Amino acid sequence: MKLHGRVAVITGASSGVGYETARLLAREGAQVVAAARRRDKLEWLVGEIAGEGGKALAIPTDVTDSAQIYRLIESAYNLFGRIDILVNSAGVVHKIAPTEQFSDSDFRTVVETNLNGSFYAARAVIPYMKRQRSGLIVNIGSRVGKIGVANIAPFSAAKFALAGLGQAMGAELRPYNVYVTTIFAGMINTDIYPLNPNEEFRRQLMTAHDVAEAVLWTCTLPPSLRVDELPLMPRQLDL
Ligand SMILES: NC(=O)c1ccc[n+]([C@@H]2O[C@H](COP(=O)([O-])OP(=O)(O)OC[C@H]3O[C@@H](n4cnc5c(N)ncnc54)[C@H](OP(=O)(O)O)[C@@H]3O)[C@@H](O)[C@H]2O)c1
């Protein structure tokens with residue numbers, strides 16, 4: 001098992017990319033701390049991992065609340081004695097609309113979930129990783145965090161900022177043997193889109209498992225290699 005003895009905290013673990021990443025890392029021997037708001041989904045995940053002989057723990061957490069994030073990271077450390085991997089997968093699109101139709105609250109929800117949540121989690125975990133002199137933070141960014149796309153401006157803005165956060169933290173943490181990878185994902189077949197695209201279109205998208213495989217790869221790099229940014233796209237689409 002490639003991650004035996006490692007401890008991974010995963011936000012957004014109740015569905016989509018976070019869920020599949022939790023399952024895959026646990027299958028490779030990682031002890032997983034699964035965070036999101038929906039307790040029932042997290043408990044289902046923990047049951048599935050346990051059923052496969054893995055170890056996981058659910059800590060219901062709203063990533064927009066920095067106090068809850070501190071509690072999450074502190075609990076993970078107190079229970080397992082180390083934190084090797086943080087995957088920031090919590091995110092929302094919220095709505096698809098022209099810019100002028102986003103209210104203050106719409107904008108805040110998108111930015112606070114995709115950007116602030118990742119910042120809060122990284123800020124809380126960094127002291128532990130620095131002390132260990134090892135660690136990896138994986139941010140699930142987006143292709144629209146590199147190229148602005150119409151009708152999704154708050155999400156695009158949050159993901160651009162997430163990319164900047166990742167670059168800055170990466171430069172800062174490298175001397176401590178702690179690395180940051182931002183994944184720039186094209187469209188993934190998950191429940192995130194409010195428009196609920198039809199089945200035929202969905203089949204052309206990446207799967208959450210595809211992205212989980214990429215996260216696992218970043219967690220198992222040879223010691224001579226680091227990956228700051230990783231674009232992932234569906235084979236036949238530029239979306
Ligand atoms: N799907 C795509 O096409 C696509 C493309 C590029 C990037 N991404 C990114 O991939 C990541 C995962 O999204 P997904 O596609 O897997 O969508 P998803 O299935 O909807 O998963 C989103 C996750 O975020 C969690 N979440 C939302 N708000 C939260 C909050 N305030 N606190 C804690 N957790 C919260 C949700 O859990 P709860 O509701 O239980 O809290 C859920 O587990 C996101 O960062 C997204 O921006 C997705």
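Q: How is the packing of helices α3 and α4 described?
A: Two packed helices are described by the angle between their axes and the distance between the axes. In this predicted model, the axes of α3 (residues 66-80) and α4 come within 9 Å and cross at roughly 35°. Axes are lines fitted to C-alpha atoms, for helices over the stretch in contact, with angles from 0 to 180 degrees between N-to-C directions. Helices (H or I, at least four residues) are DSSP runs numbered from the N terminus, as are strands (E, at least two).

Q: Which residues of α3 and α4 meet?
A: From α3, S66, I69, Y70, I73 and Y77 meet Y120, A121, A124, V125 and Y128 of α4; contact requires C-beta atoms, placed from the backbone, within 7 Å. By class, this contact has nine nonpolar residues, one polar and no charged. Ala, Val, Leu, Ile, Met, Phe, Trp, Tyr, Cys and Pro count as nonpolar, Asp, Glu, Lys and Arg as charged, and the others, Gly among them, as polar.

Q: Which residues have the most contacts inside the largest nonpolar core?
A: In soluble globular proteins, nonpolar side chains tend to be buried together. Here the largest nonpolar core has 72 residues, and V9, A22, V32, A34, V125 and V211 have the most contacts inside it. Helix α4 (residues 104-132) gives the most to this core, with 10 residues. Such a core is a set of buried Ala, Val, Leu, Ile, Met, Phe, Trp, Tyr and Cys residues joined through C-beta atoms within 7 Å; buried means 20 or more other C-beta atoms within 10 Å of a residue's own.

Terms used
Residues numbered from 1 in each chain as written. Predicted model: local features only at pLDDT ≥ 70, side-chain atom pairs only at ≥ 80, totals over all residues. Buried ≥ 20, exposed ≤ 12 C-beta atoms within 10 Å, placed from the backbone. Contact = placed C-beta atoms within 7 Å.
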